[in-house]
Each structure stands twice: as C-alpha cells, then as structure tokens.
Amino acid sequence: MSVAVQGRHLLFSRQPRAPWVWLMAVVTGLYLTVECGFNSRLLDVVGGMPDQAAVDGIEMYGRSLSGLAVALVFWPWVLKRAAASGRHPVATALLLGMLSLGIGSVVYVAELRLVDGVVDRSSAEQRYLATNLVALQNALVGHGVTLDELPLTPEQLNQPDGKTFLAVFPLLALSTHELDKTLHAQKPLILRAMAEQLHGGASVGYNQFLNAREQMIDRYNNGYVPASAAYQRSLDGIAGQQRSAWDKYISGLRRSGTDPDRLPPAYWPKARKQVQKLGVQVGGDWVPSDRAGFDRAVAQRVRGASEAGFHNGMAKRLEGGAAIPPGLDQRAFFSHPAVQQAWRKGLGYAHAGVTLPVELPPPAQAPQFFKRAIYDKVIAADVEELLRRYDAPSAAFADGGSQQELGRGQMRALAVPPIALGFSIVGALVHLIKLSLFLLQLASGRGFTYGLVKGLCVPLLAFGVLATFHDIATTDITAKPLYRYFEQRGALLGGDAPRWQGRAAMFFTRSVIHAEVPAYPVFEAARRYALGGYAFGYHPGARTAPASPPD
Amino acid sequence: MKTLHIAALLLAGAPAAAATMPQADNFHELESAGYVAMDHINTPLLYPLNSGKPYNAKVLLLNGRQSLPPELQQAARDLNDNNEFRLHATLQGFAPFLAGRMDALRHAQGYLVALNAKLGEYDFTRHRFPLALSLQVSKPKSADSYQCSGAYDEFRRTKLTACVSASNWNHQNPAFQYLAIDDLQRAEDIKRRLLNNKAGFFFVMQPEGRFRVVDNDKMKFGGFLDPSLVSGIQPARVLGLLLVDFDSGEILLSGAMADAAP
C-alpha cells in the first residue's frame with residue numbers, strides 16, 4: 001500500500017500490479033464472455049418468435065447475469081482489503097461467494113420486481129395494445145406482414161439490427177397515435193400471419209402432418225391391432241375360464257360333502273364368499289347352483305380385466321386412447337373422435353374441427369390437398385380463435401377480466417426483451433471498461449486513485465461509449481420515416497410535448513440498435529467458440545410440433 | 001260341524017271371515033278339497049317344491065315315518081336296509097306316494113297346520129276355557145312361531161327342513177284366546193280328549209306370498225341333540241281354527257279367524 005499512495009493524483013495515480021488485479025481481469029474477462037454470449041442469444045430469442053417459456057427462460061438467465069455483474073463491481077473492494085489485511089484466500093473466497101450471492105439475489109429480485117411492476121401497473125388498454133403489438137411483432141418475424149414506410153426484408157430481420165429492432169418494436173410502437181384503430185383494421189392479417197408463423201407455414205405443416213400420420217399408422221399397426229387381438233383372445237378364453245372356475249368351485253363343495261343343489265341355504269353366504277375368493281364376484285343374491293350367474297360373473301371379470309388392460313394400454317399409447325373400443329378396422333380407428341383429437345392436438349390443430357385423413361392422394365397432389373383440405377382450415381380456425389381473444393374489448397384485459405392472463409403475459413413479452421437487452425448492453429459495456437482499466441493497470445501500473453471516483457466514471461464511460469453509437473449509422477432502419485415517427489411519439493411519453501425521459505429512452509434505443517450491428521458478430525463468436533455454443537436454455541429447433549394459439 | 005266360539009272379543013269381522021273358511025264335518029273332507037295337512041312329509045317338501053332343488057327321499061321318509069299312511073308304514077322299515085339295491089327298490093316304491101304329495105302341495109287350496117295347545121281351567125261364569133295356542137317351533141324372543149317338521153335332507157348331521165309361518169297371527173293375537181262351550185258335559189268331553197291326545201287343534205291356512213329361502217343360520221331349532229336347520233318359509237294366512245278328533249277325523253269345533261277377510 002505504501003507504493004500505491006506515492007504520487008497520488010485526483011483521478012489517476014500509480015497503482016500496484018497486485019495479484020487481485022490479475023484475478024479481476026480474468027474474472028471480468030470470463031464474465032464478459034458469458035454476457036456477450038447471452039446478449040447474442042437474447043437477440044436470437046427475440047428474433048425467433050419465442051413462446052412464453054423461452055421468454056421466461058432467457059429472462060432468468062438475464063437476471064442472474066445482471067446480479068453477477070453488480071456483484072463483480074464490489075469484488076475489487078473486497079480483494080484489496082483482503083490483500084492488505086493478509087486474509088486467508090479461502091476466507092476471501094467464502095466472503096466473495098457470500099457477497100456475490102447476496103448482491104446477486106438482491107439484483108435478481110429487483111429486476112424481477114421491475115418487470116412485475118411494469119406488468120402490474122399496466123392498464124387494460126396498454127395490455128390490449130401490448131397483446132396486439134406482440135402479435136404484430138410475431139407476424140413481422142414470420143414475414144407475414146410488413147410495415148409501411150419501414151419495409152424490412154426477411155434477411156434484414158435476421159440481421160442484428162433487425163433483431164434488435166424487433167426486440168424494441170412493441171415498445172416503440174406503443175406510443176403510436178390511435179394505434180388501436182390502426183391495428184384493428186389489420187388484425188385478421190396480423191393474426192393470420194401469427195398463426196402461420198406458429199405452424200411454420202404450409203410446407204412445414206405438411207411435413208409435420210406426414211410425420212404424425214406415420215406415427216399414428218405405427219400406433220395402429222403396432223399398438224392398437226396387437227392390443228385388440230389380445231383383447232379378443234382374452235374374450236375367446238372366457239368359456240375355458242368359466243369351466244375351470246366352476247370345476248374348482250364344485251370340487252371345493254364336494255370336499256365338504258355336498259354339491260350346489262344340495263347345499264343348504266344357510267350355507268349360501270359362505271359359498272358366495274368362497275366363490276368371491278376365487279375371483280368370481282357373484283352378487284349377494286346368487287344361488288350356489290346358479291351356473292349361469294356364475295358364468296356371467298366369470299365373463300364379467302375376464303371382460304372387465306381385458307377391457308381395463310386394453311384401455312390402459314391404449315391410454316398409455318395415445319392421449320384419450322382409453323375411449324377407443326377394441327375391434328375397430330383401420331378406417332374406423334382413424335376416424336374415431338379420440339384418435340382424431342389426439343392427432344389434432346399433436347399437430348397443434350386443437351382449435352380446428354378438421355378430420356385428418358390417413359389416406360392421401362398421390363404424392364404429387366398430396367401437398368396441395370393438405371393445404372386445401374387441412375392447413376387452410378386450421379389457419380382459419382386459429383385466426384377465428386385468436387380474433388375472439390385478441391379482439392376482445394380492452395376492458396377484458398384488466399385484472400379479473402376474461403383476457404387478464406393473455407394481457408399480462410403479452411405485456412411481459414413486450415417488456416422483457418428491451419429490459420433484458422438494456423441491462424445486458426450496459427453490463428457488457430461497464431465490464432468492458434472495467435477490464436480495460438484492469439489491463440491498463442497491469443500494463444502501466446496506473447489506475448483510478450479512488451474507488452468511488454472509479455465507480456462513477458465507469459458507468460458514465462459506458463453510457464458515453466453507447467452514446468457514441470447514436471450517430472454512427474450502422475443500419476438504415478433508424479433512418480426510415482416510420483422509425484423517426486416512433487422516436488417522435490416515444491419522446492412524448494403519451495404527453496403533448498417531448499420529455500427528457502422519453503428523449504433519453506429513444507436516444508439509447510437508437511444507440512443500442514446501432515451498437516448491435518458491430519457487436520453481435522463478436523458476441524455470437526464468443527458464444528459459439530468460447531462458450532461452446534451454449535444455448536442459454538433456448539432451443540428453437542426442439543419444438544417438433546407447432547404450438548397452438550396461446551391460451 | 002259345530003260352531004266354535006273362539007275369541008269372542010273379536011267377532012266383529014266374523015261374517016266376512018266365515019266366507020273364506022272352508023265348510024266341512026271331517027278332516028279328510030278338507031284334505032279331499034285340496035287342503036294339505038302339514039305333517040312331517042308335506043312340510044319339508046315345501047323347500048324342494050318351491051326351490052326346484054332335489055331332496056333326499058330316504059331322509060324325508062325316515063323322519064316322516066309317523067306321517068305315512070298305514071299301508072306304507074311297513075315298507076318304511078326297509079329304509080334302513082344296508083343293501084343299496086334293496087334300498088333303491090324301496091325308494092322306488094315310495095316314488096308315486098311322494099310324487100302325489102308334491103302334486104297335492106303344488107295345487108294346495110290351503111294348509112292344515114297342527115298346533116300345540118294349552119287348555120286352562122273352565123270358567124263356569126263365562127262358560128269358556130282359556131286357550132293358549134302355538135305353532136310347533138317358537139322363535140326366540142318373539143311372539144312368532146312356525147310350523148316346521150320333518151326333514152328333506154341332512155347336512156353335517158343337521159336336518160334340513162322348511163316351515164309355514166302365520167302372517168296374520170301370533171300367540172299375542174287376541175284371536176283364539178278362549179274356547180267357549182256352553183254345554184258343560186261337552187266341555188268336559190273335549191278337555192278329556194285333548195288331555196289324552198285324542199283330539200287336536202289345527203289352523204286352516206292359505207298360502208300368502210312367495211316361499212322365502214332362508215340363507216342364514218338363524219332359523220335353527222332342536223338343540224344340539226337333534227338339530228334342524230330351516231331352509232325356507234312359506235308365509236300363510238290363518239283362515240280359522242279346527243278342533244279335530246284324531247281317531248275319526250271328525251271336526252269337533254270350528255271357528256273363523258276374525259280378521260281373515262280376503
């Protein structure tokens with residue numbers, strides 16, 4: 001420490017190349033790698049029309065990384081004092097762990113509360129608009145619609161600037177003048193595009209239909225048919241089982257020196273119990289000489305067991321399969337409501353009442369047949385179902401309203417990507433600057449004199465770096481008239497005159513879009529090569545069947 | 001047939017009841033008219049008749065020997081023969097008799113059911129005997145009693161039989177609690193005959209309702225020395241009471257059940 005205080009300067013002074021600086025440089029570098037990888041993945045999520053689970057998953061990673069980022073800010077303070085006091089490394093590690101856990105938890109919860117607060121405080125009108133804007137966002141991702149005065153090609157939407165724009169689009173568009181009227185006219189088109197995007201398009205749908213059809217045929221041939229045959233074999237054995245059970249019962253009576261006809265009525269209850277012990281559930285009024293009643297009970301037992309076995313087996317093989325009776329031929333099986341329902345559900349066609357055919361026209365005509373007879377009807381049904389909910393009166397989106405869940409979920413979907421993106425960018429820049437300072441200190445032996453000053457300067461520098469991108473036009477998206485309109489409306493924050501908060505938000509939104517253009521390739525490279533392609537819980541290819549419209 | 005003044009307390013309904021009570025001077029006349037005496041043969045046969053189950057003719061005949069007509073009493077001695085061939089032949093000889101009994105039961109107009117009777121001391125003021133009647137088997141802790149006798153089969157050294165129950169009478173019923181006879185000489189004569197077992201009381205009963213199979217062991221009587229188990233009960237309505245001379249079959253007295261209206 002005595003070296004460090006020599007030649008003190010207000011801002012910079014000589015600083016030791018202490019071991020903790022090396023450690024911080026390494027840890028910050030590692031953190032930056034993860035944060036950069038996360039940032040690139042976040043853009044992939046936003047640009048890939050995520051479902052609620054994907055949004056929740058990436059949000060969790062984002063909050064955790066933000067917590068770690070804030071915790072890392074305090075590490076030098078702990079490490080410096082540990083070095084000065086000669087604290088044992090294990091104790092220091094424990095302290096760092098506890099500190100990180102504590103601060104990380106606080107930040108994690110704070111960020112969660114921030115999003116929850118946005119959702120909780122949102123009005124019914126805002127939720128209604130958010131619901132429809134997220135639908136429009138999805139339609140844009142699916143290339144089902146384009147924005148007038150801001151036409152984006154599919155290629156552009158797959159670029160970093162396009163993805164970033166998509167991430168912030170619902171937030172930008174929220175302040176559009178008479179947005180609800182504009183959206184209302186286009187809603188069927190938007191929802192159709194959204195439904196198409198959910199199903200992946202007619203070609204994807206056709207391939208999924210073929211796969212599902214193959215699976216259903218396999219279930220019929222290798223599941224239903226053998227189970228049905230086993231059931232029938234079991235029924236065929238009823239006569240044998242009746243004979244066997246009756247013989248067993250008779251021999252028991254003969255050992256007692258009687259037969260069913262001569263058994264005194266006083267002994268009938270005992271005889272009934274013995275028969276029931278044999279597994280033949282005769283009734284309380286059964287007469288021991290009643291062979292027909294005995295046979296009925298045996299048949300009932302065998303039939304009951306066979307039916308239970310058959311239905312349980314079918315229930316395991318097919319959702320709702322317990323309702324399918326045995327003995328159906330192929331045509332009857334595939335047209336059975338339970339089969340159709342399970343098949344439709346597997347394909348995400350639950351809302352459509354289409355009958356899925358197992359027999360198809362020749363291969364050359366099959367895709368067209370599928371589109372005409374199935375796909376178009378499914379999309380139409382989905383749009384109808386979506387319209388019913390997305391076009392509900394805005395009051396229905398208030399707490400306690402029929403569309404409360406949808407409204408809250410979509411408000412969350414609107415808020416999470418920009419918030420996560422903002423924290424990610426700021427966190428990355430702050431630690432990038434911190435890393436630079438550590439490296440500078442290691443190279444030149446100079447660093448900030450006071451930690452507090454450093455704590456103020458580093459965020460300012462980070463915002464400064466970000467601000468420089470505001471005027472570096474790395475994309476033409478921000479030059480489009482519609483984007484400028486969004487900026488003007490956004491700066492108003494719902495008022496009549498621009499407000500500084502709105503201006504600041506719009507300023508940094510533009511900066512982020514510009515910054516992602518050069519940053520994304522670097523970040524994506526970090527994710528792919530340094531992190532081994534870690535997916536942060538988002539696996540767009542893992543969804544085999546298209547989702548139904550969200551409930 | 002003399003009119004028996006029984007249960008003077010309840011004669012209000014007698015005119016209607018009298019219409020259902022068969023008119024006869026002799027017990028055998030009633031039998032000829034389709035009234036079956038529920039003796040040691042006929043009573044147990046109620047079970048095989050109503051259930052369609054087989055019965056053990058040897059057991060039935062051995063236990064109902066006293067109810068056999070005199071011409072068959074001799075043949076019944078051969079029922080204990082150890083030679084199964086001779087036994088078979090003996091039983092074959094009884095087959096027409098038993099078939100006839102079954103047929104008579106199947107088409108019975110009513111039953112003639114013997115009663116246990118206790119005649120009290122004659123009341124010279126009211127000119128009547130106190131009378132306590134009961135059926136052969138009393139149900140424990142109950143005023144009900146049953147006519148149960150003979151055996152249609154045996155199982156584990158227990159006789160199996162059937163019973164007739166009275167649906168409209170038990171010993172607490174006010175009917176038939178007194179036997180009113182004005183003529184002192186006749187009253188004395190009847191008492192003497194009863195004490196010497198030369199006469200006995202019978203209910204004239206009419207089947208009422210379905211034969212009820214008793215599928216529990218609660219209807220057991222006879223104690224551990226000679227246990228009997230009831231397999232079924234035929235409910236029957238008491239139409240009236242007869243006092244019958246055992247030697248001649250003459251009906252000495254007759255009275256209708258007060259509430260025996262159809």
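Analyst: Accessible areas here come from the Shrake-Rupley method with a 1.4 Å probe, and for residues only the protein chains shown count as cover. By that method, chain A has an accessible surface of about 26400 Å², and carbon and sulfur atoms hold 60% of it. The model is predicted, so local features need pLDDT of at least 70 and side-chain atom pairs count only at pLDDT 80 or more, while totals for chains, interfaces and linings use all residues. Residues are numbered from 1 along each chain as its sequence is written, chains are lettered from A and ligands numbered from 1 in the order in which they are written, and side-chain values use heavy atoms, with hydrogens and water left out.

Chain A contains 18 helices and two strands. These are DSSP runs numbered from the N terminus: helices are H or I with at least four residues, strands are E with at least two. A residue is called buried under 20% relative accessible area, exposed over 50%, and partly exposed in between (1.4 Å probe, protein chains only). Of the 551 residues in chain A, 46% are buried. A contact means heavy atoms within 4.5 Å. Among contacts in chain A with a separation of 6 or more, 75% join residues 24 or more positions apart.

Helix α1 is a place to begin. This helix covers residues 19–47 and includes A:S40. A:S40 counts as buried because its relative accessibility is 0%. Its side chain comes to 2.9 Å from the backbone oxygen of A:G37. That is a polar contact, a pair of N or O atoms within 3.5 Å; within protein, one must be able to donate a hydrogen and the other to accept it, and residues adjacent in sequence count only if both atoms are side-chain atoms. Leaving out residues up to four places away in sequence, A:S40 touches A:Y520, A:F523, A:E524 and A:R527.

Charged pairs come next. A salt bridge is a side-chain nitrogen of Lys or Arg within 4 Å of a carboxyl oxygen of Asp or Glu. There are 33 salt bridges over all chains of the structure. One of them joins the side chains of A:D44 and A:K163, with N and O 2.8 Å apart. A:D44 is in helix α1 and A:K163 is in helix α6 (residues 160–173), so this pair ties together parts that are 119 residues apart in sequence. Both partners are buried.

A salt bridge can also sit within one helix. A:R291 and A:D295 meet in one at 3.2 Å, N to O. They are four residues apart in helix α11 (residues 291–317), which means that about one helical turn separates them. A:R291 is partly exposed because its relative accessibility is 30%, whereas A:D295, at 17%, is buried.

Now for some leucines. A:L183 belongs to helix α7, residues 179–199, and counts as buried because its relative accessibility is 5%. Beyond residues up to four places away in sequence, A:L183 touches A:L129, A:N132, A:L133, A:L136 and A:I190. A:L439, in helix α15 (residues 404–444), is partly exposed with a relative accessible area of 46%. Its C-alpha atom is 9.7 Å from that of A:M24, 415 residues away along the chain.

Loops can hold buried residues too. A:T478 is in the loop between α16 (451–468) and α17 (481–492), and counts as buried because its relative accessible area is 1%. The side chains of A:T478 and A:H514 make a polar contact of 2.7 Å. Apart from neighbours within four places in sequence, A:T478 is in contact with A:Y483, A:R484, A:R510, A:I513 and A:H514.

Last comes the side facing the other chain. There, 16 residues of chain A are in contact with 17 residues of chain B. Three salt bridges are counted between the chains; one of them pairs A:D261 with B:K53 at 3.8 Å, N to O. The residues of chain A on this side divide into eight nonpolar, four polar and four charged. Here Ala, Val, Leu, Ile, Met, Phe, Trp, Tyr, Cys and Pro count as nonpolar, Asp, Glu, Lys and Arg as charged, and the others, Gly among them, as polar.
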